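Dear colleague,

I am passing the structure below on to you, together with some notes on what turned up in it. Please read the notes with the model open beside them.

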Amino acid sequence: MRTLRQLSYIGTTIFLTSTAFLASCTGNIADNGGEDDNPTGGSGSTGTGGGIDNGPPDVCIPGLPATSQLPRLLNRQYDNTVRDLLGVTRVGAEGKRPSELLVGDFDGAMTPDAWRIYQDVAAAIAKDVMAGPNKSKFISCDPAASGCLTQTIQTFGRKAFRRPLTAEEVARFEKLGQTTPPGTPDEVAETTLFAFLVSPSFLMLPELTTTPASSGEGIQLSSYEVATRLSYLLWGSAPDDALNAAADNDELQTKEQILAQAQRMIAVREKTGPLVSAFHRNWAQMDNDLAHWWKGDHDTETYPLYNPAAKPSWQAELDAFFEEVAFSGGSFKDVLLSNVAFVNKDNAEIYGLDPAMYGTELTKVELDANERPGFLTRVGFLSSYSSYDATSPILRGAFIATYLLGVNPGPPLPGATMLTVEGEFDTQRAYVEALTQPESCKGCHAVVNPPGFVMEGFDGIGKMQTMDPRGGVIDASVTTNTIDFGDGNVKEITSPFELMQEIAQIQKAKQLYAQAWVSYAFGRLPNGKDKCVVDNLEVKLSESGYSVLDLMADLTQADSFRVRIRETQ
């Protein structure tokens, strides 16, 4: 009896020019604490929307940006795809997610190691599927029956390749059952599934249509290619039956047809919700390796409610918060102002609630809207952007200035992070003001410190405080500050609620939010041609009732969503 690997080798050489094809592919297109720390973090290595250097260009340049013809599945997309097609969420004896076994997401040509691991994971998935309860998701007939294999190749192949197979492709797959000596019917079926999972048409998202666009610029994507873009944008997975049917009927060629499908898909919360949370993690810099999220710990004598084991639940709370804001019809301003929170025994007391009333599962509650507006007053942010045994107005203020106000204070001066200041200070604000008093510090900290001081009503883990651990009172003299919001908008701000209200109204914050969505959705760094889309979304974000879900649907209305421009070397 031949092993799967032996048959797989035969099948691969018959069916694929795998390594040569994969090596030619460029990979993913753009798809995507204490006072002594670097306050802004800089650009992270993950996500295209992170970092301080990715602000929108100044000018919209008419035209379409170039895109790759052969973007590779991101690992999260791989997980979602094999889950939706085959019911596989864990694989192998250790029960890991498939993506945990793959090489991490990377740009550029396929590497030998990555290709070998794709094959290993595909073999493990094929083995598990054929031996387990999900077998019928791949093959629903007897592999030994006449015509069964051909039927399976056509029906499963339509889903896996996100288009119908050509007669030549079907014939190549059929050759897997024509080897000498032949494998058993089950071996051939398993090898066929393996061959699908290592095919470039599965691992890549090819856009190979060459039909000129009616506008005269670029190449009009086929309905199959548009369906793939829609599904991987909104769901991070393969198209469903309804979207496949629309593609089969060539009903994804106009903006109106695409919008109708996008709105249908966005309404499926269990599939679109993860995108909402993932985008907002990226926008809020949680994907930025150099940001401060979840890195620091805290002194349990100063903060007895702190529990490092609770960090995953604090992150889950923010994911749930962003999703709930979006699916309750919320807008950009609600991300900054909503009083919705998700509470369990780990964060209840920090929010001033009785922990005995909650278990390990997160429960939706409404907090005081004046005290707890938006995600920046949730435990996850406040705890991450604090020092070990004190708050950090510098870290909190730098985050707000950089990522919401669009002001880049830059990294600290050499040696600045090691500075301390001697003296008696009864509040953290007084200490930070003295620390940043030197002339070499004033320029940056005139921008950074004020919004950070506004947040001093929250201690180092996010609990409201009226007394500073240094002994002083936290009152209006501590939290009131004059903040320059840009474009001549200078206001005295007395509370986090006033701060979030103002940020929600300024155009720069809306522009940065729109740019982050465009970069994340299209997998491209900010550029002049996408700036035209950003400008349109920025205007709409100022319209009453324009929701996060509306913005997501409008992403599919960009001309660049239907038309491709060839990349030039």
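**Backbone, salt bridges and a helix pair**

D250 lies in the loop between α12 (241-248) and α13 (255-266), where helices (H or I, at least four residues) and strands (E, at least two) are DSSP runs numbered from the N terminus. Please keep in mind that this is a predicted model, in which local features need pLDDT of at least 70 and side-chain atom pairs count only at pLDDT 80 or more, while totals for chains, interfaces and linings use all residues. Residues are numbered from 1 along each chain as its sequence is written, and side-chain values use heavy atoms, with hydrogens and water left out.

Although D250 is not a glycine, its phi is positive, at about 55°, and with 48% relative accessibility the residue counts as partly exposed (buried means under 20% relative accessible area, exposed over 50%, and partly exposed in between, with a 1.4 Å probe and protein chains only). Q285, which is likewise a residue other than glycine, has a positive phi near 75°; its place is in the loop between α14 (269-283) and α15 (311-327), and at 2% relative accessibility Q285 counts as buried. A further backbone feature is the cis peptide bond that joins T180 and P181, with omega about -10°, and P181 has its place in the loop between α8 (167-174) and α9 (185-197).

Turning to charged side chains, a search of the whole structure finds 27 salt bridges, a salt bridge being a side-chain nitrogen of Lys or Arg within 4 Å of a carboxyl oxygen of Asp or Glu. Among them is the one between D84 and R83, whose closest N and O atoms are 2.8 Å apart; D84 is partly exposed at a relative accessible area of 30%, and R83 is also counted as partly exposed, at 34%.

Within helix α5 (residues 112-131), R116 and D113 lie three residues apart, about one turn of the helix, and their side chains meet in a salt bridge of 3.6 Å, N to O. R116 is partly exposed, with a relative accessible area of 42%, and D113 is partly exposed as well, with 48%.

In helix α19 (residues 428-435), E433 and R429 are separated by about one helical turn because they are four residues apart, and here the side chains meet in a salt bridge of 3.0 Å, N to O. E433 is partly exposed, at 33%, whereas R429 is buried, at 14%. There is also a network of salt bridges, which links R269, E323, E324 and K364.

How do helix α23 and helix α25 cross? The axes of α23 (residues 507-522) and α25 (residues 548-555), being lines fitted to C-alpha atoms over the stretch in contact, with angles running from 0 to 180 degrees between N-to-C directions, come within 11 Å and cross at roughly 50°. The two helices are therefore oblique to each other, given that angles under 35 degrees count as roughly parallel, over 145 as roughly antiparallel, 65 to 115 as roughly perpendicular and the rest as oblique. The contact, meaning heavy atoms within 4.5 Å, is made by Y513, W517, V518, A521 and F522 of α23 and by V548, L551, M552 and L555 of α25.

Best regards
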